[in-house]
Each structure stands twice: as structure tokens, then as C-alpha cells.
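Reader: I have a chain on my screen and would like to walk through it with you. Could you take my questions one at a time?

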Amino acid sequence: MYIVTAHEMYDWDRKSIEEAGMDGRILMENAGRAVAEQVEKRVRNDQHIVVLIGAGNNGGDGFVIARTLLNRGYSVKAWQLVSDEKIKGDALVHKQLYLGAGFELAHLTKVNVLFRELDQADVIIDAMLGIGVYGKLKPPFDQVTAYANQSQALKIAVDIPTGVPADEGITDFDGLQADYTCIIAAPKLSAFLPHTAPYYGEWEVVEIGLPAKKLKKTSVSLWSSEHARPTLPERHPYSHKGTHGKALVIGGSYLMPGSIALSARAALRSGAGLAAVATPKSAWPSVSVHIPEATAVSTSEENGVLAERVEVDFTGYDAVGIGMGMGRSDASRTIVQQVVEEADVPVLIDADGLYHLKQLLDVLKNRTGPAVLTPHPGEMAHLLGITVTELLARPFEWSQRFAYNHGVYIVLKGPSTIITAPDGTQVVDTSGNAGLAKGGSGDVLSGILLALMMQSQSITEALCNGCFLHGKAAELLTTEGHSKADLLATDLIEGLSQAFRTLSS
Ligand SMILES: NC(=O)C1=CN([C@@H]2O[C@H](COP(=O)(O)OP(=O)(O)OC[C@H]3O[C@@H](n4cnc5c(N)ncnc54)[C@H](O)[C@@H]3O)[C@@H](O)[C@H]2O)[C@@H](O)CC1
Ligand SMILES: Nc1ncnc2c1ncn2[C@@H]1O[C@H](COP(=O)(O)OP(=O)(O)O)[C@@H](O)[C@H]1O
Ligand SMILES: [K+]
């Protein structure tokens, strides 16, 4: 499923009408009816519904919704919040159809009268403003939105909650806090941004008859189980351990042996044929106890951390992961540099490896083999030299710029993880839940990604599937047995079995 900007949405709409001969009035009818169907699933017909209607096409959808629900016997009061001359085009056609059907329309004169009505409402349908919003809400939308936000009624937004921008980059806005948003035709970028996504509540996308072929291929899409199922690595009956790849993970330290153990174990649980660990000798006993299947690479150490170079031949491995629990000593930076310069196989850089990478960006640019960076927002902001707030206002744009300029893959982690390829194409994975907000989850993800990178044709697919399995494992574990509070990274590794089984069945 493609994720669109407001511009891409308008472009799709325009081409459907101008090139495919679609009629905007039919699209509006389809949109309103599709939303009404979703409303019916959530609302009983003894509940009182208030539909708030604005000036644009979002308001036009509101007229269709009100008419459809009234025809089906629901108790509905439609409120037009703007003056008559502001209702134009397709919205005016549907206003006339609404009135022609003999239904009553209330006009806003004094906001207090509307507020008394909202006090009586069980359900508020927000058809005030859609993707055409610009700037902060003007009266009466600002007051009505603020009042609705205080209401206990179920709030259902049409396409996008009023006031919320469709695109990234706008942080100063007042938005309607919806419980559920019925998105028209394609999810907008803001459904995946940490500062705007919470306004949507739960959401779903409804199809309204826009010709799929008229949507210009957008650069962002959404990953789902339908993509994961056919692209997950298969295990051929005659395969051997070498077929599934030998991973080398470099990291860990005397005081932080856990991270590298989690990564190595997650890699083997995700199908890697072999895993070797390069960690200080003093850390190895604590690591190996958690992962007897892994082998150790001989290393030298200084004060419990890896010293200078690791004496390994990278050509003996199918992928290298570096940084987990490695520490931030100068010596560990030289090892990150060594890996970036010398390992031609795909390299995944995480955690302390990313900290060092900030000083190695020129080396990174000159690298020819694939590189995958797996930052959380703090690490990504550090790499870019900006604040986390600046990053999160435009995570798609920043990731795209960095991936393109440095020729790397980026997995920007979060509730909506953004996977960016060096050519700038982006995929969003929304699997997972707050059970993952605990130290160690990221180390597990690195191991999963490493294993899938070795077993997949496409690195992007490997990264998308890895994030999806990680999130799915958390979802399955917190549906049965675990809670989001008690879930540990080690549980997540064991939960991978169920995630793999669910996706392959
Ligand atoms: N293919 C499509 O794109 C379709 C879109 N539809 C609906 O149309 C919507 C987009 O329609 P429009 O482009 O008319 O946009 P809106 O419905 O968001 O209305 C924009 C109008 O609202 C006013 N406005 C903008 N910012 C404001 C602010 N800050 N405070 C107060 N008023 C403000 C302006 O008068 C502007 O013209 C979508 O969100 C969707 O609900 C559907 O009708 C069906 C088809
Ligand atoms: N609230 C959340 N909802 C969904 N996923 C989350 C949430 N919080 C964290 N995650 C996921 O958990 C992982 C955390 O990674 P990271 O911050 O690097 O953790 P650590 O390095 O401490 O193990 C990422 O994959 C991230 O997407
Ligand atoms: K709306």
C-alpha cells in the first residue's frame, strides 16, 4: 500500500478525473458511503450522531455520510459550520442532495448552541477539514475542535483529523483528537509521524474507486504480512548450514556482554546457518553461556573492551554486524573503521558503532559493499548533527537525504520504523508495540536483520521482513502470556518461533 503526501493525493484525484474520466461527485459519494459503513460497525442506531461539516470536500464527504446514515435509520444531526457561499463544487452538489432528500441542516450561528448539541452527542463525526488544511485552525474550527476534544463522545474523523497536516515538517498545529479515523484511499504521511499519528486514534483505509493505475508510484509504501509471506527466506530440503549464511557479530565488552549475545542468538533464531562472535575474551564466558551454538573469534582486549583491530578475514563471512555493547573507546572506533573499509560483504552498524560512525562519514561514503545503519532517533540525530525534535519533525526527509548522500540503507527505529534504501525509496513497518520499549530490543533486531540480509535477494526486503518479524513477535507474545510491561528482549528471541510459524502458515 502506498503512503501519500497531500500533493500526491491531489495528483491522483486530478488524473482520475481528467485522464480516466472519473466524476468527482461519484468519488465523493463513494467516500461518504465507505465512511458510513465503518461508522455502522462502531455505532448503534440508538446513539446520537453529530456530523460537523466544513467548507471543502471533506465537508462534502460529511453531507454524504449524514444522508447515508439518516437513510439507514440512525439519529443524525448535521451541522454546517461555514456560511452558505463557502460550500461549492462537488460539496454543494451533495449538500443539495442532502437537502433534496428532505433532511434538516443546522447552521452555526452561535458556537454555544453547537456546544450544547455536542454535549448530547454519543458520536461526533469530524468532516470539518481534510488534507486541504493550511496554517493553524481559524474560527470557528479552532473553538469547535477544542470543545470536541473535551467531549466524551466517540470521535470519528473523515480522512484526517481536522487541523492535522497530511505532510511532515509542521509541528505547530491544533488537531482534533480522534478515536478512529477512516482514511480515504491512501494513508497520508502524518499517520506515521510521532507528533501527528496519535491524533488519528485507530485507523483504516477505505477504497473509493480511484483508479489504482492513476496513482503515480510514490516513494513511500507500507509493509504488511502480504508482503512478508512470499518474501521470507525458504529452507530448501537439501540446504546446509552454509546455504543460510555465516554471520560475524563484533561488539560486547566486559561490562556489557548481553547485547552481543542477544544479537547472535537472534541471528541464529532467524535462520542464520552459523554465527561467530568477536568480543573481548573476558566477556566471552558470559556471552557463550547464552549462545552455545555460536563460535568465538580470537581477539585482543584492553580494560575489558576490544583493542584496535580484529584479526579476521571478512571474506569468510556473509554479513558483519558491529557496535552492540561495544563501548565508545578510541580503539573500538578503529575497529568500526576497519569494518567499514575492509569488509566487502553487507555490514550492519548499530548502537556504539553508530556513535563512532559520526567521525567516519567520509570513510562510509567511499565504501562499496552495502551498509545498513539501524539508529533509534537519538542515534540518527547524532549522525545528522541535529536535535531529536528536528529529526522527528521530518524523519522521512532526513532519512532519505542521509541514505542518498552516503549510499546506505537506514532503519530508523520507532513505533513506525522507516526503512530507506540508498536510492531514497522508503518502506514503513508499523508492527510491534510498547513492550519493545526496553533495553535489548534493538540488539535483537540487529541479529534478526543480519540473518535475513544473508538469506534474501533484496536487502530492502530483508530489512522490512526483519522489522516485521521483530514487531510481530512482540505482538504475539503480548497477546498471550506476556504483558507489555514484563516483556524482555530474551522473550522476544523465543517469540520469533511463533512469528515465523504464523507467517509461513
Ligand atoms: N480523491 C480525493 O482526493 C478525494 C477527497 N475527498 C475529500 O476531500 C478532502 C480534501 O478536500 P479539500 O481540498 O477541499 O480540502 P478540505 O476539505 O480540507 O478544505 C479546505 C478548505 O478549508 C479551509 N481551510 C484551510 N485551512 C484552514 C484553517 N487552518 N482554518 C480554517 N479553514 C481552513 C479553506 O477554505 C480550504 O479551501 C479530503 O481530505 C477528503 O476528505 C473526497 O471527497 C473524495 C475524493
Ligand atoms: N513504543 C514502541 N512501539 C513499537 N516499537 C517500539 C516501541 N519502542 C521501541 N520499539 C522498537 O524497539 C526497538 C528498540 O531499539 P533501540 O532503541 O535501539 O533499543 P536498545 O538498543 O536499547 O535495545 C526498535 O526496533 C523500535 O522500533
Ligand atoms: K476531518
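This is a predicted model: local features need pLDDT of at least 70, side-chain atom pairs count only at pLDDT 80 or more; totals for chains, interfaces and linings use all residues.

Reader: Good start. Which helix holds Asn 58, and which residues does Asn 58 touch?

Author: Leaving out residues up to four places away in sequence, Asn 58 touches Ala 127, Met 128, Leu 129 and Gly 130, along with Val 158 and Asp 159. The helix that holds Asn 58 covers residues 57-71 and is H3.

Reader: Which residues does UniProt list for "binding site"?

Author: The record here is an unreviewed entry, and Asn 58 is in its list. The listed residues are spread over 105 residues of sequence, yet they cluster in space, with a largest C-alpha distance of 9.4 Å.

Reader: Is Asp 126 buried or exposed?

Author: Asp 126 sits in strand S5. Setting aside neighbours within four places in sequence, its contacts include Leu 52, Lys 155, Val 158 and Thr 162. There are 30 other C-beta atoms within 10 Å of Asp 126, and the cut-off is 20 or more, so Asp 126 is buried.

Reader: Let's move to S6. How many of the residues of S6 are buried?

Author: S6 covers residues 154-158 and runs parallel to S7 (residues 180-184), joined by three bridges, with Val 158 partnered by Cys 182. S5 and S6 also pair in the parallel sense, over four bridges, and Val 123 stands opposite Leu 154 there. S6 is mostly covered, and the count of its buried residues is four of five.

Reader: How far apart are the centres of domain 1 and domain 2?

Author: The domain assignment gives domain 1 as 2-218 and domain 2 as 225-504. Their contact takes ten residues from each of domain 1 and domain 2. On the domain 1 side, these residues divide into six nonpolar, three polar and one charged. Taken over C-alpha atoms, the centres are separated by 41 Å.

Reader: What does UniProt call residues 224-503?

Author: That span is 45% helix and 14% strand. Its end C-alpha atoms lie 11 Å apart. The unreviewed UniProt entry gives the feature there as "domain: YjeF C-terminal".

Reader: Which residues of S19 are buried on its two sides?

Author: In a regular strand, side chains alternate between the two faces of the sheet. S19 covers residues 417-420, and both of its faces are covered. The buried residues are Thr 417 and Ile 419 on one side, and Ile 418 and Thr 420 on the other.

Reader: Which residue in the turn between S19 and S20 has a positive phi?

Author: S19 has an antiparallel partner in strand S18 (residues 409-412), over three bridges, and those two form a hairpin with four residues between them. S19 also pairs in the antiparallel sense with strand S20 (residues 426-429), over four bridges, where Thr 417 has Asp 429 as its bridge partner. S19 and S20 form a hairpin with five residues between them. The turn residue with a positive phi, of about 95°, is Gly 424.

Reader: To finish, what share of the chain's residues is buried?

Author: The chain has 19 helices and 20 strands, and its C-alpha trace spans about 85 × 45 × 40 Å along the principal axes. Among contacts between residues at least 6 apart in sequence, 73% join residues at least 24 apart. Of the 505 residues, the buried share is 50%.

Conventions
Residues are numbered from 1 along each chain as its sequence is written. Chains are lettered from A and ligands numbered from 1 in the order in which they are written. Domain bounds come from an automatic or database domain assignment. Two residues are in contact if their C-beta atoms, placed from the backbone, lie within 7 Å. Ala, Val, Leu, Ile, Met, Phe, Trp, Tyr, Cys and Pro count as nonpolar, Asp, Glu, Lys and Arg as charged, and the others, Gly among them, as polar. Two strands pair if DSSP finds at least two bridges between them. UniProt positions are given in the numbering used here, feature names are shortened, and annotations may be inferred rather than shown by experiment. A residue is buried if 20 or more other C-beta atoms lie within 10 Å of its own, exposed if 12 or fewer, and partly exposed in between; C-beta atoms are placed from the backbone.
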